[in-house]
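Student: I have a sequence and a model on my screen. Can we work through them together, one point at a time?

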Amino acid sequence: MDNQEKRPSPTPCEECQYFEYDDLADEEICTLSLDEDEYVAFLNRKSRGCPYFRSGREYDTVKKQNELPGLE
Ligand code: SF4
């Protein structure tokens, strides 16, 4: 057995494009905007998964990091 620390598997939210860092809250939050009807339907959904999940966050994070000034 090696000594490498295993990183826990990311949650679906951590891989979702709607999961972003919020300066005010100082944490990552879901930024998906739902109207009241959509929100009620979301809370009452039968499956555990999120129907709004959109993959590709990792790519966007890397892309934003590459756009930071001073990083070349
Ligand atoms: S849209 Fe769904 S999967 Fe994506 S961050 Fe929000 S709750 Fe998580």
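Tutor: Start with two definitions: two strands pair if DSSP finds at least two bridges between them. Helices (H or I, at least four residues) and strands (E, at least two) are DSSP runs, numbered from the N terminus. This is a predicted model: local features need pLDDT of at least 70, side-chain atom pairs count only at pLDDT 80 or more, and totals for chains, interfaces and linings use all residues. Residues are numbered from 1 along each chain as its sequence is written.

Student: Which residue is the bridge partner of Asp22 in β2?

Tutor: Strand β1 covers residues 19-22 and strand β2 covers residues 27-30. The two run antiparallel, joined by four bridges. Phe19 pairs with Cys30. For Asp22, the partner in β2 is Glu27.

Student: What pattern does the protein follow along the sequence?

Tutor: The protein has two helices and two strands. Read along the sequence, the pattern is β-β-α-α.

Student: Where is confidence lowest in the protein?

Tutor: pLDDT is the predictor's confidence in each residue, from 0 to 100. The protein averages 82, and 74% of the residues score at least 70. Helix α1 (residues 36-43) has the highest confidence, at 95. The lowest, at a mean of 62, is in helix α2 (residues 57-67).

Student: Which residue in the hairpin turn has a positive phi?

Tutor: β1 and β2 form a hairpin with four residues between them. Most residues other than glycine have a negative phi.

Student: Is Asp26 buried or exposed?

Tutor: A residue is buried if 20 or more other C-beta atoms lie within 10 Å of its own, exposed if 12 or fewer, and partly exposed in between; C-beta atoms are placed from the backbone. Asp26 sits in the loop between β1 and β2. Because Asp26 has 7 other C-beta atoms within 10 Å, the class is exposed.

Student: How many of the 72 residues count as buried, as a percentage?

Tutor: Take two loop residues to begin. Ser33, between β2 and α1, has 8 other C-beta atoms within 10 Å, so Ser33 is exposed. Gly56, between α1 and α2, has 11 C-beta neighbours inside 10 Å and therefore also counts as exposed. Across the 72 residues of the protein, the buried share is 1%.

Student: Why does Arg57 count as partly exposed?

Tutor: Arg57 is in helix α2. Arg57 counts as partly exposed because its C-beta neighbours inside 10 Å number 19.

Student: Which residues is Arg57 in contact with, leaving aside its neighbours within four places in sequence?

Tutor: Two residues are in contact if their C-beta atoms, placed from the backbone, lie within 7 Å. By C-alpha, Arg57 is 7.9 Å from Tyr18, at 39 residues apart in sequence. The contacts of Arg57 are Glu15, Cys16, Gln17 and Phe19.

Student: How far apart in space are Gly56 and Tyr18?

Tutor: For Ser33 and Tyr18, 15 residues apart along the chain, the C-alpha separation is 9.2 Å. Gly56 and Tyr18 are 38 residues apart in sequence. Their C-alpha distance is 9.8 Å.

Student: How many nonpolar residues does the shell around the ligand have?

Tutor: The shell uses a cut-off: a residue is near a molecule if its C-beta atom, placed from the backbone, lies within 6 Å of it. Pro12, Cys13, Cys16, Tyr18, Phe19, Cys30, Leu32, Cys50, Tyr52 and Phe53 surround the ligand. Ala, Val, Leu, Ile, Met, Phe, Trp, Tyr, Cys and Pro count as nonpolar, Asp, Glu, Lys and Arg as charged, and the others, Gly among them, as polar. There are no polar and no charged residues, and the nonpolar count is ten.
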